[in-house]
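Subject: Structure handover

Hello,

Here is the structure I promised you. Please open it first, then read my notes below.

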Amino acid sequence: MSKITKQEIERILENPVSRRSFLGGLLATGALVVLPGCRLLRPGTVDMGQVWEGGYQTFRNACSRNCYDTCSIVSYVKNGVLKFVEGAPESSFTAGGLCVKGNSYVRRVYSPDRIKYPMEQQGRGTGKWKRLSWDEAMDKIARKILEIKARDGSLLGLALSKYSGSFGITHYGVEGMMSSLGYTTRLVGTPCWPAGMDAQNFDMGNMLCNDPEDLPLARYVIVWGANPAWCSVHSMKFLYAAQEAGAKLVVVDPVFTQTAAKADEYVQVRTGEDGALALGMCRHILDRGLYDKEWVAAHSIGFDEFAAYLREHVTIDWAAQKSGVPASHIAAIAEEFAQARPATIWIGYGMQRHVNGGASVRILDALVAMTGNIGKPGGGARYAQMQTWGFNYHAKNQKQPEGSKGWIGASGPKGEFDFSGVKENVKYADRTININKTAQEILDTKDPQVRMLWVACKNILSQDFDRPKMLKAFNKLEMVVVADQFFNQTVEQADIVLPVTTFFEEWNINASYWHYWLSLNEQAVKPLHEAKSDIEIAAALSKRMNELAPGSCTFPTTVDTKDWTAQEFNKKELDLFGISSWEELRKGPVKAKLTSSAPWSDGVFATPSKKYEFHSDLCAKNGHDALVMYKEGRPAYDKLRLLTPHSKFAINSQFQNLDWMADFNSEPYVYIHPRTAALRGIGHGDAVRVFNKVGEVRLAAQLTADVPPDTLLMYEGWYKGLAFNCQNLVDDVSSDMGSFKTGAPGVAIHDQFADVVRA
Amino acid sequence: MKKQLGFYVDAKRCIGCFACAMACKNQYHQASGVVWRQVYPLKEEVYPHHERAFYSLSCNHCEHPACMEVCPAAAYTKREQDGVVVHHQEKCIGCANCVRSCPYGAPRFNPGTERAEKCNLCWQRLDAGLDPACVKSCPTNALRLINLATFNEPNAVQFPPGFPHMSRLNPSTRFRQAELPKIIKPEDK
Amino acid sequence: MAAACATLTKAAPPADGHPASADTADELEYAFNRLFVGPGAVPAPPYASVYLDPDHGLMGESTRIAAAVYDALGVSSPSNGRLPDDHLALELDAAVVFHALKAREQSAELAALWDYFLRDHLMLWVPLFLACIKQVPDVPPAISHVASLLSAWLSEECGAKPVTHVPPCIN
Amino acid sequence: MIPSMELPLVFFTLLSQLAIGLTLLYALRTAGPSVQPEASAKTQWFVSAGILAFSLIVSLTHLGHPLLAPRAVLNLSTAWLSWEILIFILLFALMAATAYLGVTRRFVWLTAATGFIALFVQGMVYSPSSFPAIHNVLPFAFFLVTAVILGASTSAWFAPQDTQPLLRWILVGALSAGLLLFLVAPCVWLSGGTVMRLTGLAYLASPLYWAHIVLGLAVPMAVVVVSRRIPSWLPILLLAGALCGRVVFYLDTIHTGVNIGGLQ
């Protein structure tokens with residue numbers, strides 16, 4: 001018989017028709033009716049023609065990470081497999097390009113390291129894992145929930161910690177799942193931006209933001225405590241356009257960041273003293289009469305009081321001494337800023353992660369307001385916006401089962417995405433505890449104590465504060481369930497882990513808190529292994545709950561992520577984007593139809609007075625100074641200041657674990673000023689121990705004058721196979737504001753202190 | 001002059017974000033450890049701040065490519081139509097002579113396939129009328145595709161400090177150098 | 001895999017004469033999961049593409065080839081695409097199908113297809129997979145035993161010594 | 001990008017240079033008009049041919065795809081490497097032929113000349129611009145000196161008594177040239193550009209480099225000068241020393257790629 005060559009076989013296998021006729025005669029004899037010993041494969045064929053042949057199919061996706069840029073993605077799929085991704089060309093913000101993280105998504109989906117099956121650990125941290133079927137997993141969880149209910153008479157012993165691992169709107173179905181079970185305990189608030197959010201709400205009645213795409217209209221831009229070159233790479237082109245149009249770009253930051261390197265001028269401010277610097281500028285502008293008298297008179301209240309405060313308590317020399325910026329220079333930038341029209345400040349989230357963060361943001365707002373730059377295209381106190389988030393929150397808004405018992409008293413808000421606001425006189429409510437003090441709250445909460453913790457879209461043990469305390473708190477928990485994609489430091493300490501889909505494996509919808517584009521996320525590929533989306537997990541749990549105790553969960557027992565995505569739209573949202581149906585988003589992302597690129601352009605504010613409030617009684621009612629004024633920073637508790645900001649290779653604990661990322665960034669460093677290092681005999685590349693009252697971190701040192709002499713800098717992140725965790729050095733002290741809009745104060749991530757020695 | 005494609009590396013706009021380098025992996029899925037495009041930080045003797053200015057480099061598609069010159073197996077060709085230097089895997093015998101000989105370290109040895117590989121300037125994408133993956137992904141337009149026959153940028157330099165000066169090879173990459181902001185710092189006590 | 005794990009437990013040579021007790025069965029399952037299942041990154045992922053495809057990822061070219069071979073055989077994985085088609089369990093299952101068919105029919109095509117699947121696919125990655133297992137310290141005897149059975153079966157099938165160098169890029 | 005030790009190349013270059021050294025030295029010994037072929041000539045030439053053949057086989061193991069080796073002569077137009085392979089094959093043919101067809105003056109000189117050219121070509125292969133320190137005549141010089149040292153010392157095994165003094169003088173000369181070359185080169189590099197300087201520092205910091213200087217050059221010279229003979233064990237020591245030196249050559253010569261982003 002003639003030998004059939006490898007090449008022939010491969011050619012035959014390429015084509016479904018030749019492939020199937022290849023052994024055709026043989027199969028016709030019905031040889032496949034019985035397959036002795038064959039356990040898994042089944043007779044019959046899937047439609048391979050469709051699955052494996054043809055060119056690229058493209059799908060619309062949206063990056064759901066907690067990021068300014070929230071990119072619109074086009075994914076290229078061949079033979080049912082995601083091959084590569086690109087930025088959507090339709091969005092003038094994403095403009096066809098993704099960042100280093102976005103470009104690594106294919107690896108994230110097909111990494112052999114992904115969590116593949118529901119599994120149970122016999123003893124937290126023991127690494128003794130058993131596989132569970134989804135039914136077994138849901139059964140164990142459901143029984144635990146029912147046991148808690150039986151023991152406590154309520155489900156307040158069941159707590160949810162969920163934040164920004166995915167901002168896909170249907171992922172609020174996790175909160176929905178909790179509501180559908182009853183009244184539970186919610187870890188509310190956010191470590192991200194709450195102090196500034198409250199500040200802007202006190203000043204203007206809402207947190208609105210100029211379209212970043214109008215930056216080129218600005219004549220003077222101060223990027224204050226933000227590092228877009230790392231954290232919003234797609235905004236840089238607009239800053240460059242402003243520079244090319246003649247605007248001056250000033251960066252104010254304690255660290256010489258990548259953005260600072262691209263500025264016309266970099267001003268190194270002493271960490272946490274941004275308020276003092278801004279007040280000095282306000283005083284100088286006041287003295288020179290360079291403020292916008294008409295605007296202030298027509299559209300604000302409390303300015304005279306503010307002016308009086310400035311004259312009494314603020315001098316440029318005081319500001320210089322506090323902020324470390326030479327007085328002459330404070331005067332110079334103050335004059336330049338006041339005389340440029342329009343001028344704008346990009347207020348970073350970093351600069352409000354302080355015990356005086358909210359107060360400082362109010363001062364920056366005031367600086368922009370008194371110079372008449374609020375409501376001007378190209379102007380504005382740019383912080384963030386949530387105008388484009390007017391979805392139905394259909395997945396989130398689930399009803400508690402009949403007769404559920406819960407927390408007695410007022411509730412809410414439960415985080416910044418809880419638009420239902422404060423509900424007075426409800427019979428029962430969820431119990432809310434501070435997400436930024438998760439460890440302490442779990443340790444302290446009583447009657448009933450937190451018995452069970454559900455973690456979704458979050459990596460508590462690498463991102464939450466005071467990790468040593470968190471480990472203690474975990475010992476108090478009877479069951480920890482974690483839904484995630486990779487075996488991170490929280491999964492290590494879980495009892496049950498559930499594999500969740502990547503956004504390429506589910507339908508979703510995403511808006512940005514920065515730009516004004518709306519992006520649909522289509523399912524591009526089948527979920528791998530046994531991964532389920534968060535709402536599919538909720539449905540599976542509901543099914544089991546109702547089998548064990550009919551009526552114990554109101555969540556639908558079957559969901560379709562596409563239907564649920566469609567359910568998130570309403571006319572108001574569609575109108576805002578000028579589309580008649582969400583299906584239009586399949587043609588590409590769309591941008592909100594804004595009457596002006598600048599909010600407040602009509603000079604009417606959402607405050608009680610309808611004016612810009614330099615003096616806010618609402619602010620006072622919330623326990624802060626009514627008037628915009630200086631607030632002291634946190635006293636040092638160790639020799640050096642410690643900063644733990646974002647890395648460009650990661651968003652919090654995501655992406656850095658991928659081997660593709662390790663090709664470009666393989667290990668964490670602590671960055672030390674050469675003089676500070678010299679005093680401690682530390683050389684470039686030396687192994688060091690950074691320590692403070694919270695704990696210690698061992699890593700290698702890099703010497704650079706990019707950081708001030710009094711500062712240690714390390715970038716947060718989770719490295720595969722490394723113990724590195726900067727939360728061993730960060731305590732959970734609160735920032736001043738945040739409770740008003742998010743239900744809990746923010747956290748002073750950058751008011752931390754430590755010392756370093758050679759290891 | 002004949003058409004010669006190359007990269008324009010605008011270090012003034014470049015933020016060292018590595019999007020280009022990862023876009024290359026996104027497109028070609030190189031084995032981990034193998035990178036065709038690297039983002040090199042400028043040492044402090046060239047730019048005075050640690051890791052704040054960069055050159056994003058892959059293959060420079062030289063007029064006289066060292067790789068092509070030294071490859072004993074003639075696994076390299078330079079395309080007539082656009083001067084792109086293409087490495088043909090199937091012809092490569094894995095002697096690594098190109099890896100040793102390219103002063104820019106563009107060809108890399110893949111221990112899996114035991115062959116050399118490098119940036120081929122996405123010639124398949126070019127032929128389909130698309131930009132190279134790295135260029136398309138650059139969020140600041142700091143990495144551009146240029147044709148030296150028509151390229152006319154007064155500020156452009158061929159051998160900036162930090163880029164090996166190899167005039168005989170005549171690399172097709174052009175640069176704009178990074179600039180420094182005015183810096184206001186507290187007086188050191 | 002749970003099923004596979006069960007078979008492994010059965011295949012285990014009775015440790016010092018006594019039948020495997022419940023908790024050693026548990027330990028075996030933990031070890032099995034640490035090696036092949038997760039939830040952490042595993043030292044020996046049981047998928048062809050991890051060893052054969054340049055990027056060592058899942059759902060690569062090798063996965064496509066395995067699926068095409070099943071299709072030619074007239075069989076398919078019930079997971080339809082969720083479990084990558086080049087998972088060891090499925091490929092060994094295909095081997096069973098091949099043998100069942102070969103036992104019944106004389107077919108040059110069948111012989112050629114099997115030869116291709118064996119030499120140009122299984123033989124290229126299973127030895128690497130086995131080498132990865134070898135590199136792991138204290139693998140339970142039951143698992144090493146089954147690994148050696150697999151290795152023996154493979155060399156018996158093609159009467160050749162499997163390659164044993166391990167590609168550098170596998171964790 | 002960073003050059004690796006590349007052991008197959010270390011052995012290929014060293015052994016092929018030993019083989020060439022043997023033929024060069026034979027040619028020199030029998031240069032005189034009236035000199036007759038040495039009694040052990042055939043053996044010597046078989047040995048050289050054998051060593052060269054072996055070195056060529058070893059060189060194959062350096063390839064990712066040894067079976068594709070024949071492709072390696074496809075770029076004679078520009079690749080010195082293609083020429084290297086070609087000329088070494090030719091060289092082997094000549095050595096074998098000389099050994100078989102009788103050691104005639106014509107063959108000896110033809111082969112020796114080819115060997116010399118082969119050393120030059122080999123030198124060119126290893127002087128790419130990516131290694132500034134050796135982007136010059138140094139590799140050829142290194143290889144030539146090594147060839148003569150190994151050749152002269154090994155020839156002493158075969159050469160008749162009357163030519164031993166000649167061999168000794170050649171060996172001492174080559175050793176002193178080697179000492180000068182290998183000691184001076186790194187010091188010169190220190191005053192060069194960044195990559196050259198790094199190369200110099202890497203060499204001077206490497207124990208293998210000093211092993212080569214001491215065991216491979218200084219000590220052997222002392223031995224020969226003092227004992228006024230070439231002990232039969234000396235070639236072994238010299239080969240070991242040269243081996244150390246060659247490893248340094250591959251391992252510690254710095255590539256320009258290492259310094260991208262830094263000043264030249």
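**Where chain A meets chain C**

In this predicted model, 54 residues of chain A are in contact with 54 residues of chain C. Two residues are in contact if their C-beta atoms, placed from the backbone, lie within 7 Å.

Some reading notes come next. Residues are numbered from 1 along each chain as its sequence is written, while chains are lettered from A and ligands numbered from 1 in the order in which they are written. As the model is predicted, local features need pLDDT of at least 70, side-chain atom pairs count only at pLDDT 80 or more, and totals for chains, interfaces and linings use all residues.

Back to the interface. On chain A, the elements giving two or more residues to the side that touches chain C include α1 (6–14), α2 (16–22) and β1 (42–43). Helices (H or I, at least four residues) and strands (E, at least two) are DSSP runs, numbered from the N terminus. The largest share, 4 residues, comes from α2(A). By class, this side of chain A has 33 nonpolar, 8 polar and 13 charged residues. Ala, Val, Leu, Ile, Met, Phe, Trp, Tyr, Cys and Pro count as nonpolar, Asp, Glu, Lys and Arg as charged, and the others, Gly among them, as polar.

**Chain A as a whole**

Chain A has 27 helices and 28 strands. Its radius of gyration is 28 Å, close to the 27 Å that the globule rule gives for 759 residues, so chain A is as compact as a globular protein of that length. The radius is taken over C-alpha atoms, and the rule is 2.2 Å times the number of residues to the power 0.38. The C-alpha atoms fill a box of roughly 100 × 65 × 65 Å, taken along the principal axes.

**A helix pair in chain C**

The axes of helix α5 (residues 88–104) of chain C and helix α6 (residues 108–135) of chain C come within 10 Å and cross at roughly 155 degrees. Axes are lines fitted to C-alpha atoms, for helices over the stretch in contact, and angles run from 0 to 180 degrees between N-to-C directions. That crossing makes α5(C) roughly antiparallel to α6(C), the word for angles over 145 degrees. Among the residues in contact are C:Phe98 of α5(C) and C:Trp114 of α6(C). By class, the contact has 7 nonpolar, no polar and 2 charged residues.

Best wishes

Definitions and conventions:
Angles under 35 degrees count as roughly parallel, over 145 as roughly antiparallel, 65 to 115 as roughly perpendicular and the rest as oblique.
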